Every structure is written in C-alpha cells, then in structure tokens.
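Here's a quick briefing to read alongside the model. Have the sequence and the coordinates open as you go.

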Amino acid sequence: MSPTIELSAVGKRFGSHWAAQQVDLVLHQGSCVGLVGHNGAGKSTLIKIMLGLLRPDTGQVRVLGVDPASGHAAVRATLGYLPENVAFQSSMTGIETLNFYARLKRQDLRNNAELLERVGLADASRNRVGTFSKGMRQRLGLAQALLGRPRALLLDEPTTGLDPALRQSFYEILRDLRRDGAAILLSSHALAELEGEVDRVVVMNHGRKMADGNIHSLRSYSGIWPRLRVRTSRMLRMVANGSNPWSDWQPLPGGMLELTCEEADIPHLLRTLPADARDVEIVRPSLDEVYAAFLRGEGTAA
Amino acid sequence: MRQTTIIAAKELRDGLRNRWVLAITLLLAVFALTLAFLGAAPTGVVKVSPLGVTIVSLSSLTVFLLPLIALLLSYDAIVGEIDRGTMGLLLAYPVARWQVVLGKFLGHCAILAIATVVGYGVAGLMLGLNGGGDAETWRAFAMLVATAVLLGAVFIALGYLVSATVRDCGTAGGIAIGIWLFFVLIYDMALLGLLVATQGQGIDGSVLNWLLLANPTDAFRLFNLAGTPGVASLSGLSGLAAQVQLRPAAMAGALMLWVLVPLAGTVAVFSRRQV
C-alpha cells in the first residue's frame with residue numbers, strides 16, 4: 001500500500017537558513033504521527049511543504065501519490081489543514097466562515113451546524129469571528145479542517161487554546177477519523193501531550209529530524225536510562241561498606257537507594273533484591289526529559 | 001468558475017458588511033450631486049445641457065477619486081491575506097491561484113460598480129427629473145459610468161500586482177500611493193512639460209496618441225471628454241479631439257489592456273510566490 005504522505009530527503013532553505021534539511025517522513029493510512037519540536041524547528045515548514053504552499057529546495061514530496069505543489073484539486077479536496085494561529089475574516093460569522101470553506105470543498109452545507117456542535121461552537125455560530133476568543137477560533141479552525149472527512153489531516157499546533165475537556169473531545173474526533181482510515185499529522189511543542197494519542201513521534205530540531213519512532217522506542221533512544229529505587233536497610237549497610245554486589249547503587253536522602261540500569265535488566269534486578277526490600281519504584285524518563293535529551297542532541301535518531 | 005464565484009461573492013459580502021460599499025457610494029453620490037447642481041448652475045443662462053456639464057465635471061472627479069478608491073480596495077488584497085494567515089488556509093483548499101485572483105478581482109469590481117452606478121446614477125436621475133439632456137448626452141453619461149468602473153478595474157488590477165509582489169502591507173500601501181500620484185498627477189504634468197520644452201518638435205500625433213494611451217487616466221479622460229462632440233465643446237477639448245486620432249474603441253481597448261496585463265502579471269507573480 002502506497003503511503004498517504006511521503007517525504008524523501010526534503011530540504012527547504014530561506015536565504016542562507018535551512019528551515020528543513022534531509023527530512024524523510026512517511027505517513028500511512030490510518031496512522032497518527034506527532035511532529036514535535038520547539039519554535040523554528042521546521043514543523044510548520046514541513047506541513048506547508050506537504051500542502052504545496054512551499055516548494056522544497058531538495059528532495060521529493062508525494063501526497064496521495066501526487067506532488068502537492070501541482071495544485072491537484074482532487075487531492076486538495078481530500079486534505080484537511082489547520083494552520084498555526086489560524087485566522088479568519090473577522091466580519092463573517094462562525095457558520096458563514098464554515099459555509100464558505102465547505103462550498104470550496106463542494107460539501108453539503110447542512111452538515112456544518114453539526115460540525116460546529118461537535119467542536120463546541122454551536123451557541124456562537126451566529127457571532128462574528130472577530131468576537132471569538134483564541135480557543136474559539138482554534139475550534140472553528142478544527143471544524144473547517146474536518147470538512148468532508150479528509151483522508152489526510154495536517155494539524156499545526158491543534159490543541160493550542162483548547163481547555164482539557166475540549167482537548168479530550170478533539171482527540172476523540174481524531175480517533176474516529178483514524179478508524180475511517182485518515183492519516184493524521186499533528187505538530188506540538190509538548191511530547192507529553194501526545195502520549196497515548198499518536199502511533200509515532202518525529203522529533204525535529206533546527207530543521208533536522210532527530211528521532212522517529214513510537215514513544216517507547218524514543219525513551220530507549222533518548223540516552224536516558226530508567227532508574228530503580230528501593231528502600232532496604234541491608235543493602236544500605238552493604239553499600240556504605242562498599243560491598244559487592246551492590247556497589248553500583250547510589251544512596252539517596254531518606255534511606256533510598258537508586259540504580260541507573262537498562263530497561264531489559266529490570267526484571268533480573270527485581271528478582272535479586274534482598275528480602276527486606278520495600279518501596280520498590282521504577283522511575284522511567286518523563287517524555288519531557290526524553291524530548292529535552294533529543295533537543296540537546298543526546299538522543300540517537302531512530 | 002464555481003470557485004471563482006464563491007471567492008467573488010465572499011469579497012462582495014465583506015465589502016457590503018464592512019461598509020466599504022456604503023462609504024464609497026455615499027462619497028461618490030455626494031460629489032456627483034454637488035457637481036451636478038452647483039457645477040451645472042450656469043447652464044440655465046448659457047442654454048447648454050446640464051448633463052453635459054456634469055459629465056465634464058464627473059470625468060475629472062473620476063480621474064482623481066476612482067483610482068484612489070480602487071487602490072485602497074486592492075493594495076492589501078493578497079499581501080494582507082498572507083500577513084494575516086488566511087491565504088495559506090485558502091490555498092490549502094481545492095482552489096487555483098488564478099481563481100483566487102480572479103475571484104477577488106470580480107468581487108472588488110462589483111463593489112466599485114455598485115458604488116459608481118448608484119453614486120453617479122443618483123446624480124443622473126436628479127438631473128433627468130429636472131430635464132437633463134438629449135439622447136446622445138445620456139449615452140455619453142452611461143459610457144462615463146461604464147468607463148469609470150473600467151478605470152477602477154485598471155487600478156484594482158495594478159493594486160493586485162503590487163500586493164502580489166511585495167512582502168508587507170506597508171510597502172504595498174506606499175507603492176499604491178506612488179502609482180496614484182504618478183498616473184493622476186505626475187504623468188500629465190511631465191507630458192505637458194515635455195511638450196512645452198520641445199515646443200512639440202519631434203512629438204507628432206501618433207507619438208502623442210501612444211503617450212496618452214500609456215496612461216489609463218488619460219485614455220479615460222479622452223474617451224469621455226473628446227469622444228462626444230457635445231461634451232468635447234464643454235470640456236475645452238474639442239481642439240484636442242480633432243488632433244487626437246484615436247477612436248473610442250482604441251481608448252476602451254487600451255483600458256481593457258490596462259486591466260488584463262496587470263491582472264495576468266498578478267497571476268504570474270502570485271503563482272510563483274511561496275505562502
């Protein structure tokens with residue numbers, strides 16, 4: 001099965017600055033990929049390249065089998081896009097805005113009221129967009145991106161300005177779309193938010209792809225090892241005496257001992273703990289720590 | 001064509017909603033009525049057609065006002081949408097860039113046409129009720145309104161070309177003012193200066209024709225002031241009308257070209273632009 005979106009060695013330069021360099025990315029039908037990076041990491045540039053709004057200086061892009069810059073109308077009709085800081089004509093109402101975009105996609109306007117309800121804007125649909133808060137504009141942006149049940153959704157910072165309840169309903173909508181076979185790419189500053197919501201994460205830094213894999217593998221590749229913590233008076237005494245086999249354990253304040261170890265070694269270590277061991281704790285790196293490690297360049301690209 | 005119509009309808013609705021149409025219509029109506037009744041006041045004594053005098057006055061008003069209004073409508077049509085971030089979203093939809101340009105153009109032309117027809121039409125109607133003029137003068141009035149919209153369309157297209165080329169709205173606004181100053185004020189003064197300085201030597205009729213067609217406001221002025229004998233005699237251009245060997249069709253054709261060339265240029269520049 002050919003990928004919905006495929007980037008091969010894509011590079012984009014603005015003047016002397018490379019906003020994206022040698023990026024490979026594949027997005028299959030029904031998959032959801034998170035694009036993570038700080039401001040200026042190249043996330044929006046990549047999304048604009050996938051939409052054909054920017055032409056890459058190097059490499060090749062294929063969206064549903066065609067070059068998006070060719071402006072193929074049939075392909076565009078199957079794409080949904082939510083730009084970062086989405087903006088609309090302030091003099092139009094919410095429903096007028098959605099109707100305008102639905103007409104361009106040749107969609108039945110009768111579904112639009114339901115779509116606005118789905119993103120929590122039913123009550124404000126007759127208000128002018130100029131009076132909308134940032135979160136409301138974001139929800140309207142999401143509604144327009146969902147027009148026509150797209151086969152590929154490209155969402156640039158989609159949850160900015162959404163409260164936790166709306167964020168949950170947003171991810172529910174994405175899950176529905178994935179079940180229908182849509183390929184979804186969403187960019188975010190926060191890796192932690194994407195846990196459980198995406199199949200794969202691509203970490204970008206200064207225009208380069210630093211990592212590409214599921215969250216479990218990113219933890220492994222980040223270079224940050226898990227830590228095993230345990231409270232045991234017997235081990236504590238032996239560590240204080242420098243006795244083997246516990247010499248690698250570090251004492252912590254409060255009578256705890258900690259060992260940095262590989263994930264694969266944890267079961268064995270747990271089995272060999274002394275009988276008086278209690279308060280056993282496995283501390284795995286948080287996603288924010290993993291992300292920070294990749295940004296520092298400590299991680300290895302998967 | 002469907003996508004173009006959708007975009008044109010949106011532009012027109014925006015124009016109606018943000019009071020652009022109302023403001024321009026009122027402005028043109030107030031000026032036109034003032035010129036029709038104050039400017040045509042002496043006609044009762046000299047027995048000339050008040051409508052003919054009004055055409056002369058409105059032609060001058062149009063040359064100053066319509067290009068300015070058209071440039072105000074158009075200078076940020078593309079760069080403004082790119083700045084605000086609405087263009088990227090629009091272009092992600094199944095719509096070609098030429099359709100965006102053409103849709104905006106038709107919408108803005110409709111705004112200008114409504115304002116001009118209503119604004120000038122009110123003055124024409126009032127003069128008509130007061131026994132305005134003969135059939136030929138009415139035809140000239142209708143042509144004035146039509147060519148005023150065409151002149152507006154020229155400057156909308158020029159505004160788009162600027163808007164598609166520059167990187168920010170401020171620059172677009174500055175260049176738009178420059179275009180207005182050049183075509184409305186500087187060009188004719190420079191041409192006059194050239195004619196006086198050279199005593200007309202080396203500038204024969206055909207060169208003058210081309211020089212006049214090279215400025216859309218001159219083509220408009222000549223079309224309306226020298227094209228109708230009854231009006232030419234009132235405008236003081238009957239002598240010029242005899243000298244200029246341009247047919248009205250050539251002048252209208254020049255105006256059409258002044259629309260099409262910048263519009264095609266806009267499409268070409270905008271198609272290559274990365275949003």
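**Helix H11 of chain A**

Let's start with helix H11 (residues 287–295) of chain A, whose buried residues are A:Leu287, A:Val290, A:Tyr291, A:Ala293 and A:Phe294. Looking down the axis of H11(A), you'll find these buried residues within an arc of 160 degrees, so they line one face of the helix. This is a predicted model, in which local features need pLDDT of at least 70 and side-chain atom pairs count only at pLDDT 80 or more, while totals for chains, interfaces and linings use all residues. Residues are numbered from 1 along each chain as its sequence is written, and chains are lettered from A, with ligands numbered from 1, in the order in which they are written.

- A residue is called buried if 20 or more other C-beta atoms lie within 10 Å of its own, exposed if 12 or fewer, and partly exposed in between, with C-beta atoms placed from the backbone.
- The arc is that of the directions from the helix axis to the C-beta atoms.
- Helices (H or I, at least four residues) and strands (E, at least two) are DSSP runs, numbered from the N terminus.
- The buried residues of H11(A) pack against strand S3 (32–36), helix H7 (191–194), strand S8 (200–205), strand S9 (208–213) and helix H8 (215–221) of chain A.
- A contact here means that the C-beta atoms of two residues, placed from the backbone, lie within 7 Å.
- After H11(A) comes A:Gly297, with a positive phi near 85 degrees.

**Chain A as a whole**

- Chain A has 11 helices and 13 strands, and its C-alpha atoms fill a box of roughly 75 × 45 × 35 Å along the principal axes.
- Chain A splits into domain 1 (5–220) and domain 2 (227–284), with bounds that come from an automatic or database domain assignment.
- The C-alpha centres of domain 1 and domain 2 of chain A are 46 Å apart.
- Out of 302 residues in chain A, 39% count as buried.
- Among the chain A contacts with a separation of 6 or more, 69% are between residues 24 or more positions apart.

**Chain B as a whole**

- Chain B has 14 helices and zero strands.
- Of its 275 residues, 49% count as buried in chain B.
- For chain B contacts with a separation of 6 or more, residues 24 or more positions apart account for 85%.
- The mean pLDDT of chain B is 88, and 89% of its residues reach 70 or more; pLDDT is the predictor's confidence in each residue, from 0 to 100.
- Among the elements of chain B, helix H3 (residues 43–46) has the lowest mean pLDDT (54), and H6(B) has the highest (95).
- Where pLDDT is low, the predicted coordinates should not be read in detail.

**Where the chains meet**

- The predictor gives the complex an ipTM of 0.86 and a pTM of 0.86.
- The contact draws 22 residues from chain A and 19 residues from chain B.
- On the chain B side, helix H1 (2–17) and helix H6 (86–91) are the elements that give two or more residues, and H1(B) supplies the largest share, five residues.
- That side of chain B has nine nonpolar, six polar and four charged residues.
- For those classes, Ala, Val, Leu, Ile, Met, Phe, Trp, Tyr, Cys and Pro count as nonpolar, Asp, Glu, Lys and Arg as charged, and the others, Gly among them, as polar.

**Nonpolar cores**

- A nonpolar core is a set of buried Ala, Val, Leu, Ile, Met, Phe, Trp, Tyr and Cys residues joined through C-beta atoms within 7 Å.
- The largest core has 155 residues, and those with the most contacts inside it are A:Leu154, B:Val154, B:Ala157, B:Tyr160 and B:Leu255.
- Helix H8 (residues 135–165) of chain B gives the largest share of this core, 17 residues.
- Leaving out residues up to four places away in sequence, B:Val154 touches B:Pro216, B:Leu255, B:Trp258 and B:Val259.
- A second, separate core of six residues includes A:Leu228, A:Trp246, A:Trp249 and A:Leu257.

**Residues to check**

- Most residues other than glycine have a negative phi.
- A:Glu157 has a positive phi near 50 degrees and sits in the loop between strand S6 (152–156) and helix H6 (164–179) of chain A.
- A:Glu157 is buried because 22 other C-beta atoms lie within 10 Å.
- B:Arg19, also not a glycine, has a positive phi of about 70 degrees and lies in the loop between H1 and H2 of chain B.
- B:Arg19 counts as exposed because it has 12 C-beta neighbours inside 10 Å.
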